[in-house]
Amino acid sequence: MFKKILIANRGEIACRVVKTARKMGIGTVAVYSDADRDALHVRMADEAVHIGPPPAAESYIAMDKVLAAIRDSGAEAVHPGYGFLSERAEFARALEETGVAFIGPPASAIDAMGDKITSKKLAAEAGVSTVPGHMGLIADADEAVKIAGEIGYPVMIKASAGGGGKGMRIAWNDAEAREGFQSSKNEAKASFGDDRIFIEKFVTQPRHIEIQVLGDRHGNVIHLGERECSIQRRNQKVIEEAPSPFLDAGTRAAMGAQAVALAKAVDYCSAGTVEFIVDGDRNFYFLEMNTRLQVEHPVTELVTGLDLVELMIRVAAGERLPLAQGDVTLDGWAIESRLYAEDPYRGFLPSIGRLTRYRPPQERGLAGTLDPATPEGALGGATVSADARSPVRVRNDTGVCEGGEISRYYDPMIAKLCTWGPDRDAAIAAMRDALDAFELEGIGHNLPFLAAVMDHPRFVEGRLTTAFIAEEFPDGFNGAAIAEADLRRLAHVAAAMRAAVDARAASVSGVLTNHERKLPKAYVATFGDARFDVALNGRGAPDGVDLGGWAPGARLARVTVDGAPMTLKVDQLTEGFRLRWRGADLAIAVRSPRLAELAALMPPREDGASAKQLLCPMPGLVVSIAVAVGDEVQEGQTLATVEAMKMENVLRAERKGKVRTIHAAPGASLAVDEVIMEFE
Amino acid sequence: MKDILEQLEARRAVARLGGGAQRIEAQHAKGKLTARERVEALLDEGSFEEYDMFVAHRCHDFGMAETTYPGDGVVTGWGTINGRQVYVFSQDFTVFGGSVSETVAAKICKIMDMAMRNGAPVIGLNDSGGARIQEGVGSLAAYGDVFQRNIEGSGVIPQISVIMGPCAGGAVYSPAMTDFIYMVKGSSYMFVTGPDVVKTVTNETVTAEELGGAKTHTSKSSVADAAFENDVETLAEVRRLVDFLPLSNRETPPQRPFFDSPERLEESLNSLIPDNPNQPYDMKELVTKVLDEGDFCEQQRDFARNIITGFGRIEGRTVGVVANQPMVLAGCLDIDSARKAARFVRFCDAFGIPLLTFVDVPGFLPGVAQEYAGIIKHGAKLLYAFGEATVPKVTVITRKAYGGAYVVMASKHLKGDVTYAWPTAEIAVMGAKGATEILYRSELADPDRIAARTKEYEDRFANPFVAAERGFIDEVIMPMSTRRRVARAFAALRGKRVETPWKKHDNLPL
């Protein structure tokens, strides 16, 4: 076995590999750019080598620098993670030449699968089903109709040079094919100056389902079942699960067999993933093969009980796979939610900045530690599985910690939160709770959106397609609707908390003895138009609410209301609380009945009409303008950066608006109160 | 007998109606509560003890004799906020537009006198058209009586003004002399002369809101300390503020049970200071992570944002926080920030509230405008305020502490009791680059040599240890343990006593 490996990556995957290596007694070398000097992966690894400035092209993808780090550190093997150099055949080849093991497939396999046309050809030769289509040029509408008929409707007519939906038509019959061919051709010519057209099968109700394969250098290849990754936003996976709620055993076996056949065809000898698109009738078609460890590999680990990174390292060291296909068992259900630094309330705008608060839920049910806070903690045996007694498992793969920075240079993924349960419902329930318990502040993030998906009936029923998000959230995300019964429970929780806050406030020193404050006997909780009257019992608390040890100031509450548990994020407001639960974010005012009466006399809140301008708050130099005329800006969004006293000051939008005019350009020197831009 | 008792109830019912049902409705239509409703919202339920309910004005001119209202244009008395006593007056806009008569002023003076004698704060809810013109100079004299009590009470009992409607002309000077002014957005304004007079005299066209609304006074003039959405929210915020304040200068600041361990470590603070010394960070993160339960009651949030002032608690006891804010103007001191912080520091010192100061200050703001406007004297106010304060003073230097500004910010030299520095602190006369450019002016043409000189200066002075060697810093602490260290420092200072030489009063650089 290797004595020392280098991880040519950063973030959560670098941390992930370090954990397994440490468990195996292998030394680890991290690489880092200037932006990652204090990153978690650097702290976790035994050694760390600096490889350049923040841009990936000058550090993590700069092959010569990574190769130099390998040479200097004396690492015997390299794990590439995903992204960066992981699918660069030349990198694998360069390692082969220097005698350092590449913990991945041979360069030839990367080459073969890296090219779309070659990979499809190879797949077809290996007996893998591919999307039926005609790749050749089509002369005229008659030929188009003939080909479409051969493929079988519906078909997609596409411009060769196409993109962004232009020059693309779906045809369900001959007439549509004829018409679609002509209009695609015209549109392609107009848009791209290239009117070459091809036709392929249009896959209806498409799902993204992929098969995990694993091979060794002795010709053995097995598959570890599938992952369904249909919940995507703009082709970026958001939620994955294993197994798929859609596949039956027969389809699974057929897909697995094809994936293994393809892997064997290219002498695959590591972990890899064969991606398929599956239609509503469970027809599946090869998309591509990823010749690396996949981001969503933890769900496979959770249902198979295998440590894929460990197996990758072992086969790279020449060991045989310790199990045959028949030994692979799939147990229970696992779901992964990807936490991204993007703000769902602001059109999923990327968000960067400091994680002022980062408290993931407690990991549980795992034999080996995956807790980044205790990297040197106890580690399990040969697998990442499972405390069999635990009814659910929670795992969080991350590369950050509280006080860390989400930088603009890299992937906006903050963490991969995974849950496992004996069945899909249990896994979903565990995920809801884990998302509720995940505390994240300082940047915009998609936690509420993930929670809304977990509560979405179509997701719960498993009726997924790759268009799920586009179809179910067509206007973006504005917070999840909460059922009346749940609102009532939240109102009662808020009232119970208010009672605790009031009781503490009245325990202050200096009170007029015998004339202490008489605490309210009931509260009224209001938010928006909703109003709930909450009676208090003799102990000054609402019946049925157990705050579970919550005390004023605590930011996370695990309460039970009428016996049902709820995990909430709590921020105290002067007259109540901001409660975050599932996909909802509510500011609940809790007042005595009399005060609620008075509050009802108050006029509805309106947005201030002023501040149609952004004024320069100090004499200074404009460094950058972050928006353009016509941009819709959101409250808190960066508008401009002004340098004064050699310090950069970021100016942010005070409220929503649309940029009408911009008066200052970068480099301009401004006096105080000079107008930088105006809003409509 | 029964009739007599009933008569009292009947008289009370009339008094409670103030200017009558119609005017109450008009008040509600404007989104405003009535004087009595405001008192209800401010005080603990059922705790209000009203005085002078039947006082009536004594004016006979201009037909005033025919219209009197029991209680006249103000509701006065006392009650409790979380069980602690406060005196309150609430001007009643439904009675003669809340105008101030001799009797109105007498009622206010009565409870102010009681508050002084009994040692409890006065909270004034202002909603008044001004002097009662019908009473002429009598009304002016009445204002003077209130002013005099504001002055005498200053530093003896906390005085809080809430502007909940118009407050114009001479009337503004009573709130002006109180400790805190809160305003209601959209429905309150304050000015010495209104838009009409302004138009006539200076030909400036301006609305009442622009001239003296909540936004103007919280962000431009600094007259008001905070503003909130409506009457109910504003009064809730006043309750929150009172919870931090001692009842008088004879009492210690309040203590209450707390649920936040003083031992709490905040590992994330170790990475608060960015690698690049010119990159700002949000000082409020440090403030909220150090205070109990992250609860920070900020004052003057929208004015001179380069310095942060407000109240918090450590181990359940009130502290006043002053902190440079690197996010705004690099956290430098200028006229506005010095004035803002100086007034806050003096309030805390007057009422025995310990001071917690966080320092990251690159110096005073240079510029013609600053010098012409008198930064010398205004800057001296903060220096003076910190220097004269005898309350426990704990200071934490996080990054820059340059030049004179370092001395100003509650340094050891101004009798700071406990001064901590983070390892990232740079206590120096100025930044390394500036220093090198002065010290090695002859080498400026050679960038390599200058760079080497700068590096040399940085290595020597851009750290807390030179100051620590001199004892100007009591201890260099880990950022993550700031809460624990600060809590222990204040605990150690609970017995602090300081003798000051007798003086009639000081003469700070006004």
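These legends walk you through several close-up views of a predicted model. Local features need pLDDT of at least 70 and side-chain atom pairs count only at pLDDT 80 or more, while totals for chains, interfaces and linings use all residues; side-chain values use heavy atoms, with hydrogens and water left out. Residues are numbered from 1 along each chain as its sequence is written, and chains are lettered from A and ligands numbered from 1 in the order in which they are written.

**View 1. The largest nonpolar core holds 64 residues.** Such a core is a set of buried (under 20% relative accessible area, 1.4 Å probe, protein chains only) Ala, Val, Leu, Ile, Met, Phe, Trp, Tyr and Cys residues joined through side-chain atoms within 4.5 Å. Look for I123(B), F311(B) and L382(B), which touch the most other members. Helix α12 of chain B (residues 335-350) gives the most to this core, with 7 residues; helices are DSSP runs of H or I, at least four residues, and strands are runs of E, at least two, numbered from the N terminus.

**View 2. Here are the neighbours of I123(B).** Leaving out residues up to four places away in sequence, its contacts (heavy atoms within 4.5 Å) include L42(B), Y87(B), F89(B) and V242(B).

**View 3. Five strands of chain A form an open sheet.** Their order is β3-β2-β1-β4-β5, with parallel pairing; two strands pair if DSSP finds at least two bridges between them. The edge strands, β3 (47-52) and β5 (101-102) of chain A, each pair on one side only.

**View 4. Strand β4 of chain A meets β5(A).** These parallel strands are joined by 2 bridges, and A77(A) has A101(A) as its bridge partner.

Terms used
Buried means under 20% relative accessible area, exposed over 50%, partly exposed in between (1.4 Å probe, protein chains only).
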